[in-house]
Amino acid sequence: MVAKVGSKAPNLIVSAWFGGRPTNIDQEKGSVILVEVFQVNCPGCFMYALPDAIRIHQRYGKKGVKVIGLATAFEDYDKNTVEKLKLLIDKQEVIGETRIALAQSGQLLNGNTLPYRIPFPVAADSIKKENHNASKSRAISFVESSTSNLSSIDEKYKSMLIERMQKYFESRQYYAETFEEYHLQGTPSTILIDKHGTLRQVTFAHSGSHEQMVKQLLRDEQQAELEGTEHPIED
């Protein structure tokens, strides 16, 4: 199942859970869901995105919002590992570029330790070895699912896009399944899902807080309940 805004949000494809009760999208219906997608070796994730997700968890966790962390990897596979994630969750220790950036800005204790714990469940994205034999079919599927008005695109340009994506897939050794499923562009990324399980928004490298969107989703749901209506889900 490929994620599409306005349609049912697919479950996260997870290899392990840390720091809380294992859960997933289909288990959290009735709550607005915020999934904060990060890499362990991603300074911006720890300087901006994760603190914002923690604030939202603290302010709205008892008001109908479920925050979930998703540790993924699309680069630096030797650093963005389950072992490094476990170190982060269990001991608040950071590594690589994250440690350097946070140390320089005075945000660490004892040189490599966060001054806080991540208070919500964190999933490890499932990492698979790339199947280069399927590179062309995956390239076609990616272009078709991520390009709007595909039928109006010149065939020569479409072929160029497919060839470019095929080369990209052939150059990779690994890929993260949820990262691919949601067509994410990088980290940090944030996925917002309404209480009915409908994917409402996906953002990459958002510079501000997602609090306003979360509040809007809560208001929308409250208004729908008052009016006795439901948001339709496109399957």
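Helices of at least four residues and strands of at least two are DSSP runs, numbered from the N terminus. The views below show a predicted model.

**View 1. Glutamine 39 in its loop.** Glutamine 39 is found in the loop that links strand E2 (32-38) to helix H1 (43-60). Is this residue, with a relative accessible area of 0%, buried or exposed? Buried means under 20% relative accessible area. Glutamine 39 is therefore buried, at 0%. Its side chain makes a polar contact with the side chain of glutamate 75, at 3.3 Å. Beyond residues up to four places away in sequence, glutamine 39 touches Cys45, Phe46, Thr72, Ala73, Phe74, Glu75, Asn80 and Thr187.

View 2. Val32, Leu34, Glu36 and Phe38 point one way from E2. Ile33, Val35 and Val37 point the other way. Residues on both faces, including Glu36, are buried.

**View 3. E2 beside E3, with H1 between them in the chain.** E2 and strand E3 (residues 65-71) run parallel, joined by seven bridges. H1 lies across both E2 and E3. The helix runs at about 160 degrees to E2.

**View 4. E2 beside E7.** Strand E7 (residues 189-193) also pairs with E2. Here the strands run antiparallel, and five bridges join them.

**View 5. The whole sheet.** How many strands form the open sheet, and in what order? There are six, in the order E1-E4-E3-E2-E7-E8, and the pairing is mixed. Strand E1 (14-18) stands at one edge and strand E8 (199-204) at the other. Each edge strand has a single partner strand, so one side of each is left without a neighbour in the sheet. From one strand to the next, the twist averages 20 degrees.

View 6. E1 pairs with strand E4 (residues 122-125). The pairing is antiparallel and spans four bridges. Phenylalanine 18 stands opposite valine 122 in E4.

Key. Residues are numbered from 1 along each chain as its sequence is written. This is a predicted model: local features need pLDDT of at least 70, side-chain atom pairs count only at pLDDT 80 or more; totals for chains, interfaces and linings use all residues. Side-chain values use heavy atoms; hydrogens and water are left out. Buried means under 20% relative accessible area, exposed over 50%, partly exposed in between (1.4 Å probe, protein chains only). A polar contact is a pair of N or O atoms within 3.5 Å; within protein, one must be able to donate a hydrogen and the other to accept it, and residues adjacent in sequence count only if both atoms are side-chain atoms. Contact means heavy atoms within 4.5 Å. Two strands pair if DSSP finds at least two bridges between them. Axes are lines fitted to C-alpha atoms, for helices over the stretch in contact, and angles run from 0 to 180 degrees between N-to-C directions.
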